[in-house]
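Please read these notes with the structure open beside you. They go from the whole chain to single residues.

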Amino acid sequence: MKQQLVLSNTVTWKNYLRDYSLIVVGAFLQALSYVLFLAPYKIVPGGVYGISIVLHHVTKGMFEFMPDGLPMGITALCFNVPLLILAIKKLGLSSGPKTVVTFLLISFFTDGLSLLFGEPLLENDSFIAAFYGGAILGVGVTCVFKAQSTSAGTDVLARVIAANSNLKVSNLIIILDSLIVIFGLLAFNDWKVPLYSWFTIFVYGKVVEMFQTENPNRAVFVVTPKTEEVKDIIVNKMNMRGTFLHGRGMFEGKEREIIFTIAERKDMPRLKEEIKKVDPHAFVSTMHASKDSPPPGK
């Protein structure tokens, strides 16, 4: 038993080290994309940092104490904190601590790199900046996703809206990001802004899609005699929904209830951990799933 506990602790620490290493790398790459490629050319990649890039440029010379405009990292932080609070309240965001570390690091790296690099990496080449900015941003976001974290931002708002509607999160993100791109067009009054921005978003999306080969949703089946305890975990702790299926064991022929739910891939480790706490012998099976409509009712 002691040997198993030591092995379990070792695996846990290895997972923590892996996840937070990915978060650091992902946060740095995202900041690098914003500072060296996107912001200098007024490319608005949607999301919180798209808003921050616009505000950074339009406030240049507006304040004596900030002649270069509002810092992008701190500005994004002012948006991300309330969005995270909203996510925790409405969605019970399980990746809360990692998310906080992620957007704090992106903010820190963004403002730090802005101080180090006063000039853009590329001169007079918006297309190359849009392409490589989107590609590096996509790799950074993928690293964060693989650490089962998120950088908060407009995807949180999209998930909150989708939770109470039949709209897909992906479609809502596209709508919100497009509105931010249009905000950039209105602010800069230059059609190059939306054209390069949408190209960046396209490249970024394709890079994430290339590395994220798995379906983001998992169908989960749980067989356990402690159905009420597991139901409490799914409904109250994870803020998810599901249903009971009736089944019968093939070996003993006993009638039993099977719990079915759909979970996002990043929530799976916590869900399994919580189930094992109440029933170490619970049978948990998962498979790829498509959530085309809201999951079964409570």
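The numbered points below describe a predicted model.

1. Overall content. The chain holds 10 helices and four strands. Read from the N terminus, the order of elements is α-α-α-α-α-α-α-α-β-α-β-β-α-β.

2. The chain has 298 residues, and 43% of them count as buried. Its accessible surface is about 16,700 Å², with 63% of that area belonging to carbon and sulfur atoms.

3. Strand S1 and its partners. Which strands pair with S1? One is S3, residues 255-264, which is joined to S1 by seven bridges in the antiparallel sense. Another is S4, residues 283-288, which is also antiparallel to S1, over six bridges. Strand S1 itself covers residues 217-223, and five of its seven residues are buried.

4. Ala-219 has Ile-262 of S3 as its bridge partner. Val-220 is partnered by Thr-286 in S4. Val-222 stands opposite Ile-259, again in S3.

5. The hairpin of S2 and S3. Strand S2, residues 242-248, runs antiparallel to S3 and is joined to it by seven bridges. In this pairing, Thr-243 has Phe-260 of S3 as its partner. The hairpin has six residues between the strands, and Gly-253 takes a positive phi near 75 degrees there.

6. Ile-175, Leu-179, Ile-182, Leu-186 and Trp-198 make a nonpolar surface patch of about 500 Å². Helix H7, residues 169-188, gives the largest share of the patch, four residues. Leu-179 is one of the patch residues and is found in H7.

7. Asn-80, a buried residue. Asn-80 is in helix H3, residues 72-91. Its relative accessibility is 1%, so it counts as buried, the limit for that being under 20%. Leaving aside residues up to four places away in sequence, Asn-80 touches Val-48, Phe-103, Ser-151, Ala-152 and Gly-153. The C-alpha atoms of Asn-80 and Thr-154 are 8.7 Å apart in space, while the two residues are 74 residues apart in sequence.

8. Pro-280, an exposed residue. Where does Pro-280 lie? Its place is the loop between helix H10, 268-278, and S4. Pro-280 counts as exposed because its relative accessibility is 55%, and the term applies over 50%. From C-alpha to C-alpha, Pro-280 is 9.6 Å from Thr-224, and 56 residues separate the two in sequence.

9. Positive phi at Lys-42. Lys-42 is not a glycine, yet its phi is positive, about 60 degrees. This residue sits in the loop between helix H1, 2-38, and helix H2, 47-58. With a relative accessibility of 34%, Lys-42 counts as partly exposed.

10. Positive phi at Asn-189. Asn-189 is likewise a residue other than glycine with a positive phi, here near 55 degrees. Its loop is the one between H7 and H8. Is Asn-189 buried or exposed? Its relative accessibility is 71%, so Asn-189 counts as exposed.

Key. Residues are numbered from 1 along each chain as its sequence is written. This is a predicted model: local features need pLDDT of at least 70, side-chain atom pairs count only at pLDDT 80 or more; totals for chains, interfaces and linings use all residues. Side-chain values use heavy atoms; hydrogens and water are left out. Helices (H or I, at least four residues) and strands (E, at least two) are DSSP runs, numbered from the N terminus. Buried means under 20% relative accessible area, exposed over 50%, partly exposed in between (1.4 Å probe, protein chains only). Accessible areas come from the Shrake-Rupley method with a 1.4 Å probe; for residues, only the protein chains shown count as cover. Two strands pair if DSSP finds at least two bridges between them. Patches are made of residues with over 30% relative accessible area and no salt bridge: like charges are joined within 9 Å, nonpolar side chains (Val, Leu, Ile, Met, Phe, Trp, Tyr) within 5 Å. A salt bridge is a side-chain nitrogen of Lys or Arg within 4 Å of a carboxyl oxygen of Asp or Glu. Contact means heavy atoms within 4.5 Å.
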